[in-house]
Amino acid sequence: MDERRNDNRNRDGKREAPGRGKPASQAAPAAPVATTELQGLPARRVAVDLLHAVLEKRQPLDRAMERAGPSLAALEPRDRGFALTTTRLALRRERFLSAVLARLLERPLPAEARRVRMILLAGAAQMLLLDTPPHAAVSLAVEQCRGDRISGRFAKLVNAVLRRVPVAAQTVRATWDAPKDDMPEWLFSRWSATYGEAVARQIAAASLERAPLDVTLRTADSAEDWAGQLGAIRLTTGSLRLTDAGAVPDLPGYASDAWWVQDVAAAVPARLLGDVTGQHIADLCAAPGGKAAQLAAAGARVTAVDSSPARLVRLAENLARLGLSDRVTTVTADITSFQPENPFDAVLLDAPCSATGTIRRHPDILHLKAADDIPRLAELQAAMLQQAAKLVKPGGLLVFCTCSLEPEEGSQQITRFLAGAPNFSRVLIAAAEVGGDPTWITAKGELRTLPFHAAGSLPEAAGMDGFYAVRLRRTG
């Protein structure tokens, strides 16, 4: 697998040619630092801060980005994009990058030099994944060390190691079994057991790709117009896809009520409820609000429930931008004990999960999730599902979904639930009703998308989040 295939852009958003300079010897001094090279230093510092937050402090990348908000906002748009691209690439290919660096370090870095490792990862990612000229990546890394009291002691080491990275990478690449070796062993083993090794490799390869930007339209009949304005392609499900979008707030229609960002697979579960005009629907675990917006725009009255007040504030802000606030009531509550006065016509439960289907968008999952998270989350989902079932009127629908690829958080969860709920039964899903492909539908009539699935015949339509969804009806 070619590490340069993804996010191959410099800070100006242009493709760069690989550096042609030969790696210097270990004793070689750092090259003189050009002023133009140091223009990228603030962006590199932000990237290292984000890597440190995820890999050392065990923070989700989204949360780390929120905390780094002022630093990100201070960067020019192209530098901000460069910092985030470097971060995501380093997280996706951390195992390969670390294997390269390990060949060049005689001994592990001391505990106080954890930040130095992040500087090395960012520098190696620039050279190997972004084709940044080696002298520029080395210069930035050395200057970054010199600007920190502890890391400054390792500036010469960083210089020596990074200068030898291109040659070491060739050696590692010769025996690297990509994409398998880029995945945590426990996760690839799970996928192989569930889907077979060939499909597991397809899942892993797709998970290492950069995700495009998908948007859901408020009004379906405006698709042709907005596809033209956004330079997007129309997917078979009705979503639009932008492959090189730039800054989202700068796009046409963002400030109005025309569309919102939502992966093509994530937009399917709400559509399984059919015509919701005039219905009262509960959206459980609702934040950040994409599904609530879909239901409200389709004419439903929505009660959006989430346990996080902060996430509900963000949901309310999103709905206000879309002009849908009057159709949605927000409730802060624990889903496992949520007891409204009256049952709902339908309930949509997008349950918390390991999110292994969304690694394309959230590469921190590769580092923050572990095998023992799955049974713990499955038990939480089971408790939520039991409570959600009580909220459905007789004859009403219950849609359960997760963005996990693990059967314990999908088909096995529903098998266990139905064994103890004789008043619920599956309502089979047809690919045609959601504009999907027959390969998305299981033998039991459930939805199962995989990261390498396509939402159309064009090359740009390849790839989506891995999602599971089932539609149940309360029969009595």
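The model is a predicted one: local features need pLDDT of at least 70, side-chain atom pairs count only at pLDDT 80 or more, and totals for chains, interfaces and linings use all residues. Residues are numbered from 1 along each chain as its sequence is written, and side-chain values use heavy atoms, with hydrogens and water left out.

**Overall build**

You will find 19 helices and twelve strands in the protein; these are DSSP runs numbered from the N terminus, with helices (H or I) of at least four residues and strands (E) of at least two. The radius of gyration is 24 Å, close to the 23 Å that the globule rule gives for 476 residues, so the protein is as compact as a globular protein of that length. That radius is taken over C-alpha atoms, and the rule is 2.2 Å times the number of residues to the power 0.38. Of the 476 residues, 53% count as buried, meaning under 20% relative accessible area with a 1.4 Å probe and protein chains only.

**The second largest pocket**

The second largest pocket holds about 450 Å³ of space. A pocket here is an open set of points on a 1 Å grid over the protein atoms alone, where a 1.4 Å probe fits, with protein on both sides within 12 Å along at least five of seven lines; lining residues have an atom within 4 Å of a point. Grid points are joined across faces, edges and corners, and the volume is the space filled by probe spheres set on the points. The lining has 21 residues, and Thr-216, Leu-217, Ala-220, Arg-271 and Gln-294 are the closest to the pocket centre. Helix H15 gives the largest share of the lining, three residues.

**Trp-260**

Trp-260 sits in strand E4 (residues 259-261) and is buried at 5% relative accessibility. Leaving out residues up to four places away in sequence, Trp-260 touches, among others, Thr-216, Leu-217 and Gln-294; a contact means heavy atoms within 4.5 Å.

**Backbone details**

| Site | Feature | Value |
|---|---|---|
| Ala-178 and Pro-179 | cis peptide bond | omega about 0 degrees |
| Ala-287 and Pro-288 | cis peptide bond | omega about 10 degrees |
| Asp-131 | positive phi | near 60 degrees |
| Ala-355 | positive phi | about 60 degrees |

Pro-288 lies in the loop between strand E5 (280-284) and H15. Asp-131 is in the loop between helix H7 (114-129) and helix H8 (134-146), and counts as buried at 4% relative accessibility.

Terms used:
Buried means under 20% relative accessible area, exposed over 50%, partly exposed in between (1.4 Å probe, protein chains only).
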